Amino acid sequence: MTEHAVVEIAGLRRRFASLVYEALLLLGVLALTFMLPNLIVGMVFKVTEPGWLGWVHIFVVLGAYFLWYWRGSGQTLAMQTWRLRVVTAQGGKPLSWRRALLRYVCCWPSVCLFGAGLWWAFLDRDRQFAHDRLAGTVVVLLPGRPS
């Protein structure tokens with residue numbers, strides 16, 4: 001007899017806590033990959049990148065971070081801490097590059113429009129964020145470690 005793991009959709013409290021922790025981790029990622037290079041270039045060459053290029057830089061750096069983790073293990077560093085994993089809504093499979101990219105692109109308006117896509121979860125029948133609903137993904141809770 002084969003045993004199938006029961007997968008549970010992660011609760012809102014856990015997902016919001018993971019988001020807060022993720023934001024703290026991203027400060028370090030951006031300090032290393034955005035602020036430090038810009039400080040060095042500014043000090044050495046006495047130039048700064050235009051504002052629009054700065055946003056493109058941030059978009060690419062964060063995209064690389066999220067796509068790398070979502071495609072690899074389905075978990076960012078914060079998601080690992082909170083025992084969360086992002087998978088496809090249909091079948092619970094790992095994300096393809098295309099689906100991971102779609103989720104990432106949908107995350108920006110979801111978060112930047114005053115968190116409207118996050119607040120959406122309070123109205124959604126499955127308590128999913130708008131970007132997960134649009135991308136066909138779901139964040140699941142991984143089973144706890146046995147004692």
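Select threonine 137 first: this residue counts as buried, at 2% relative accessibility. The model is a predicted one. Threonine 137 lies in strand S3, residues 137–141.

Next, show what surrounds threonine 137. Leaving out residues up to four places away in sequence, threonine 137 touches Val86, Val87, Thr88, Ala89, Leu95, Arg99, Arg103, Gln128, His131 and Asp132. Pick leucine 95 from that list and draw a C-alpha to C-alpha distance to threonine 137: the value is 8.0 Å, for a pair 42 residues apart in sequence.

Select cysteine 107, which is buried with a relative accessible area of 15%. Cysteine 112 is in no disulfide either; the sulfur of cysteine 107 is the nearest cysteine sulfur to it, at 9.9 Å. Over the whole structure, the search finds zero disulfides.

Last, select helix H1 (residues 12–45) and helix H2 (residues 51–72). Their axes come within 11 Å and cross at roughly 130°, so the two helices, H1 and H2, are oblique to each other. The crossing of H1 past H2 is right-handed.

Show side chains where the helices meet. On the H1 side, select Glu22, Leu26, Val29, Leu30, Thr33, Phe34 and Asn38; on the H2 side, select Gly54, His57, Ile58, Val61, Leu62, Tyr65 and Phe66. Coloured by type, the residues of this H1–H2 contact comprise nine nonpolar, four polar and one charged.

Notes. Residues are numbered from 1 along each chain as its sequence is written. This is a predicted model: local features need pLDDT of at least 70, side-chain atom pairs count only at pLDDT 80 or more; totals for chains, interfaces and linings use all residues. Side-chain values use heavy atoms; hydrogens and water are left out. Axes are lines fitted to C-alpha atoms, for helices over the stretch in contact, and angles run from 0 to 180 degrees between N-to-C directions. Helices (H or I, at least four residues) and strands (E, at least two) are DSSP runs, numbered from the N terminus. Angles under 35 degrees count as roughly parallel, over 145 as roughly antiparallel, 65 to 115 as roughly perpendicular and the rest as oblique. A crossing is left-handed if the near helix is turned anticlockwise from the far one by less than a right angle, and right-handed if clockwise. Contact means heavy atoms within 4.5 Å. Ala, Val, Leu, Ile, Met, Phe, Trp, Tyr, Cys and Pro count as nonpolar, Asp, Glu, Lys and Arg as charged, and the others, Gly among them, as polar. A disulfide is a pair of cysteine sulfur atoms within 2.5 Å. Buried means under 20% relative accessible area, exposed over 50%, partly exposed in between (1.4 Å probe, protein chains only).
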